[in-house]
Amino acid sequence: MIKQRLIELLSQAATQAQKSSRLPSVALPEITIEHPQNPEHGDYASSFPLKLARAAGASPLNIAEELVGLMAPAPEIETITVAPPGFINFTLSSVWLVRQVDSILAAGDTYGNIDLGRGSRVQVEFVSVNPTGPLHVGHGRGAILGSTLADVLAAAGYRVEKEYYINDVGSQMDAFYHSLYARYQQCLGTDAEMPSDGYFGNYMVDLAKEIIAEEGNRFLPLPPEKALSQLGQIGLAKIIEQIKSDLERLGVSFDVWFSEKSLYDNGQYQKAMSLLREGGYIGEKEGATWFVSTALGENKDNVVVRSDGSPTYFASDIAYHYNKFLERKFDTVINIWGADHQGHISRMKAVVAALGIAPERLKVIISQMVTLRRGDELVRVSKRSGDIITLREVVDEVGVDACRYFFASRTADSQMDFDLELAKKQSADNPVYYIQYAHARIASILRLAQERGISYGDGDVSLLTTEPELTLIRKMLLLPEVVEVVAHTLEPHHLAYYAQDLATVFHSFYMQCRVVSDDEVLTKARLKLVEAAKIVLSKTLHLMGMTAPDKM
């Protein structure tokens with residue numbers, strides 16, 4: 001990756017400057033490389049001299065000039081210049097640039113992969129919705145964020161495990177079981193009252209009818225507790241299967257489906273509580289058991305076991321993270337939670353620290369709400385059921401690729417308007433269509449070459465000298481950097497922006513440079529460039545879980 005190469009050159013120059021006493025022997029700040037806002041300043045820039053100036057007791061401009069004078073010649077770099085107040089600007093060599101076309105072709109599908117993670121184990125836990133009903137559109141956002149992030153982290157050299165945490169115990173499951181039992185009885189003509197905290201959606205009636213069609217009325221004669229348990233387990237299994245099916249349609253899969261109930265059955269809850277008690281982080285007051293969060297800087301303590309003896313969902317989360325870090329030994333855990341979990345972050349960080357784990361190893365991404373629109377019109381209810389708008393309905397209407405792109409194209413912490421009409425448009429207004437059309441256009445060029453029997457393996461890339469060609473190569477070379485940025489920031493939207501930028505640059509190149517022409521040698525060179533562009537755009541789309549169509 002060229003950014004890393006520039007950092008190495010600057011680091012070597014700084015070390016040499018200190019050895020030759022041109023710079024004092026002070027601790028060197030981190031060297032960073034950016035892209036200048038003004039392309040006339042070059043391809044890359046570094047503010048390293050500005051960071052070093054105070055410690056070195058010298059002007060940043062002088063430091064920059066000293067470093068540039070000591071930097072070894074590099075085939076990647078055409079020019080290195082100094083700009084006030086102390087920037088170092090780098091312009092890539094056009095000779096080196098065009099050679100990267102062959103490098104991309106040689107790398108194929110592995111282009112864009114980097115070794116940032118060095119095999120470090122990362123768990124990404126996402127969606128994890130209570131299995132009490134169908135997924136809605138907001139859950140889809142978390143699903144796409146999680147699956148895209150997992151794919152990018154894998155490309156960045158991490159060993160990634162994707163996990164869905166099934167909340168299959170607790171008060172919400174009790175309410176689900178009682179709701180299903182009531183609907184089951186009602187559908188069979190028996191008078192039964194829905195619980196006040198029950199699930200009143202139409203899907204519960206449909207679920208009860210489905211069970212009746214398969215099982216008949218055999219649960220009616222059973223004692224209520226037995227009927228509740230057996231019926232509840234069937235309903236739970238059906239909801240989980242529905243969730244799995246909806247996610248698979250969206251291209252989202254999991255390596256592990258982890259049961260909350262197993263934390264109690266397998267002893268993790270007891271082990272985690274014992275460890276916290278030994279550390280002095282568990283206290284008793286007001287008839288309940290508390291995690292003493294205030295001992296770790298929190299402004300209040302938190303209940304882990306209620307006065308009736310039932311554990312809170314915070315207690316389950318403690319046991320779950322004990323299992324993640326201390327039993328399964330993940331190096332990093334990434335949780336993607338809904339907006340209602342914002343207040344849960346700090347106490348989870350505190351409990352992780354109490355378990356003896358560095359809190360920074362736990363990363364939490366909050367996925368904000370999604371508002372559905374049709375142009376200017378707000379969509380509030382399902383056309384199909386007059387009830388909640390399910391994720392399945394949205395996927396059916398706009399397609400998988402549109403869902404994946406639009407959900408991935410916004411920062412997780414921003415509110416999102418999803419325009420269903422825009423997502424279906426087959427025009428440049430729709431970024432999904434615009435990006436995929438670029439790939440289809442590339443494929444059509446390569447088909448034309450094949451139809452004409454043009455073999456371009458011996459194409460001479462040194463002939464790619466025009467600005468549209470070099471601009472396209474420059475943009476293609478950014479994919480490894482984008483992968484690095486997403487892996488560092490845990491923000492997949494950078495990938496969506498890059499895909500649109502790359503498509504824009506390719507469309508511009510296509511309009512300005514005829515690929516298949518009477519000039520045979522130039523045709524071969526440009527076909528190589530087009531194939532390399534196909535590799536990069538396809539890889540970008542696949543990292544987002546989208547298809548790369550050859551025809552549209």
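**Aromatic rings**

Guide: Phe 254 is buried, because its relative accessibility is 11%; buried means under 20% relative accessible area, exposed over 50% and partly exposed in between, with a 1.4 Å probe and protein chains only. Residues are numbered from 1 along each chain as its sequence is written. The model is predicted, so local features need pLDDT of at least 70 and side-chain atom pairs pLDDT 80 or more, while totals for chains, interfaces and linings use all residues, and side-chain values use heavy atoms, without hydrogens and water.

Visitor: How many aromatic pairs does a search of the whole structure find?

Guide: A pair of aromatic rings is described by the distance of the centres and the angle of the planes. Rings of Phe, Tyr and Trp (its six-membered ring) pair if their centres lie within 6.5 Å; planes under 30 degrees apart are stacked, over 60 edge-to-face, and the rest tilted. The whole structure holds 18 aromatic pairs. In one of them, Phe 254 and Trp 257 are edge-to-face because their planes stand at 70°, with centres 5.3 Å apart. Trp 257 is partly exposed, at 25% relative accessibility.

Visitor: Which rings are linked with Phe 254 and Trp 257 into a cluster?

Guide: Ring pairs join these two to Phe 126 and Tyr 164.

Visitor: Where does Lys 244 lie?

Guide: A charge sits over a ring if NZ of Lys or CZ of Arg is within 6 Å of the ring centre and within 35 degrees of the ring normal. Lys 244 lies over the face of Trp 257, 4.8 Å from the ring centre. Likewise, the charged end of Arg 347 is over the ring of Phe 314, at 4.5 Å from its centre.
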